[in-house]
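The following exercises concern one protein chain. Please examine the sequence and the structure before working through the solutions.

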Amino acid sequence: MYGQVIVKDMFSVLNILLILYLMLGERKCKKYNVIRSRYSLILCIGSLTILRMIVNGAELHIVYNYLTIIIIVMIIGHFLFQYSIKYCLLLGSIFLSVVLLGQLISCILFSIYSSNGILVELPEKYQIYMTLIAEIVIIIGNLVIKKIVNKIPLFLSGMNVVTIIIPLFLNIVVMAIYADQLYTEKELIIDNVWSIITIIALCIMGVIGAVCNIVVLENYLNVKKIENEKKLQISEMSLQYEYYMKQSNDMENIRKISHDIKNHLEALRGIVDYQQKQEYIDGIERKLDIYQSYYKTGNAFIDNLLHAKRLEALEKNIEFKVFADFIPFNRMKNEDLCVIVSNTIDNALRECQLMKEDNPKIECLVQLKARKIKGFLSIICENSLRESQAEILRGNTEMETSKEDKKNHGFGVKNIKRVVREYGGEVSFNVVDDMFSVSVLIPIEV
């Protein structure tokens, strides 16, 4: 009996490693911050191994064995890899399907060795052989479904998860009932080859059906992705056209101002009053400032966005500075980059506008920096801050909205966090010397 428990413990460790194998993939390792530290990995695997050993030694009902598999996948996926609960639940169900298939096949193959039809009463060596056969099927099954599992998007809608998990759950229930009855019940005796073929075929078809659902879902999401990318390309082309047309119109206006510069100089010579002369010069400078707000950051899409934000800042008498090189960010989608840049600047401009409402003469600054630092892409947005707001934000590291209606506000920060998390990066919020700073670090794909 002890030999059987030891074998189960060994294969429990192997199954945990297979779960890690399923969760790791080239796509995910590049895009996501998979493992925080080696110590957390070792601690997690060690704790889960002990949990499985306790279940094996306690000889609990097989249902608890299945539940621990789902729990292990959820713990590894959500707490160690930081995947979504829905993704972990789906992956756990797929892994459990393969485990049940292995157990069911081993029960069917060894049913011929049981004279009374109860597999649980077979000698220990047969029990070990059954566990070995089941584990071989589990290993082969995981190797087969590895590529398909890696294609499942990490962020799925509830409807997409339900579409896959319902038939998967039904198949799990059917296989669990068959496996349990074959192992413990005397009444269920397989007495011919066709019964064996039928049961195995039905269960395999159930697993294949779940895999087909994943493939169909992947193709559907790819089609939607292509449609969205086409829409984005059209939008980008439209924005770029609008941007260059505006540049052309502004150049025409600059030529008009240049044409009238002699008249402006003559007018200035004729003005004796210093205050009038200063106001006249300031008026011309304001006109010229509008045409100096174009940027060359290496990304025309962001250039257009920054141009619009600077005009907004000029309108509100807010100083707006940009020191950015977005060329290293060319692997990021423009819509994702736009979410980070636009939301950080919008929040900064909003705070500066509130400062101006309290004190119109106060000087406000919004400053954006973006560049490559070693192995990371860095985006830092800084802005002036009210003293009252600085006190609030110092104790609000999660940057929850201060508005009463939290349900319908605070989406800007949430969207920034979502995009940064998708690229395996980190975002931090700090208050230093009455300046608020949003810092984004995204690892560069190797």
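**Exercise 1.** In which crossing, left-handed or right-handed, does H5 pass H7?

*Solution.* The model is predicted: local features need pLDDT of at least 70, side-chain atom pairs count only at pLDDT 80 or more, and totals for chains, interfaces and linings use all residues. Residues are numbered from 1 along each chain as its sequence is written, and side-chain values use heavy atoms, with hydrogens and water left out.

Step 1. Two packed helices are described by the angle between their axes and the distance between the axes. Helices (H or I, at least four residues) and strands (E, at least two) are DSSP runs, numbered from the N terminus. Axes are lines fitted to C-alpha atoms, for helices over the stretch in contact, and angles run from 0 to 180 degrees between N-to-C directions.

Step 2. For H5 and H7 the packing angle is about 25°, and the axes lie 9 Å apart. The two helices are therefore roughly parallel, a class for angles under 35 degrees; over 145 is roughly antiparallel, 65 to 115 roughly perpendicular and the rest oblique.

Step 3. The crossing of H5 past H7 is left-handed. This term applies if the near helix is turned anticlockwise from the far one by less than a right angle, and right-handed applies if clockwise.

Step 4. Residues in this contact (heavy atoms within 4.5 Å) include Leu 89, Leu 100 and Lys 86 of H5, and Ile 164, Leu 168 and Gly 158 of H7. By class, the contact of H5 with H7 has 20 nonpolar, three polar and one charged residues. Here Ala, Val, Leu, Ile, Met, Phe, Trp, Tyr, Cys and Pro count as nonpolar, Asp, Glu, Lys and Arg as charged, and the others, Gly among them, as polar.

**Exercise 2.** Describe how H5 packs with H6.

*Solution.* Step 1. Helix H5 covers residues 85-110 and helix H6 covers residues 124-150; their angle is about 140°, with the axes 8 Å apart. That angle makes H5 oblique to H6.

Step 2. H5 passes H6 in a right-handed crossing. The contact residues comprise 20 nonpolar, five polar and no charged.

Step 3. Pro 123 belongs to the loop between H5 and H6. Its relative accessibility is 44%, so Pro 123 counts as partly exposed; buried means under 20% relative accessible area, exposed over 50%, and partly exposed in between (1.4 Å probe, protein chains only).

**Exercise 3.** Is Glu 351 buried or exposed, and which residue does its side chain join in a polar contact?

*Solution.* Step 1. Glu 351 lies in helix H12, residues 334-358. With 7% relative accessibility, Glu 351 is buried.

Step 2. The side chains of Glu 351 and Arg 386 form a polar contact of 2.8 Å. Such a contact is a pair of N or O atoms within 3.5 Å; within protein, one must be able to donate a hydrogen and the other to accept it, and residues adjacent in sequence count only if both atoms are side-chain atoms.

Step 3. Leaving aside residues up to four places away in sequence, Glu 351 touches Asn 383, Ser 384, Leu 385, Arg 386 and Gln 389.

**Exercise 4.** Where is Lys 374 found, and is Lys 374 buried or exposed?

*Solution.* Step 1. Lys 374 occupies the loop between strand E2 (365-373) and strand E3 (376-384). Its phi is positive, about 50°, although Lys 374 is not a glycine.

Step 2. Lys 374 is exposed, at 79% relative accessibility.
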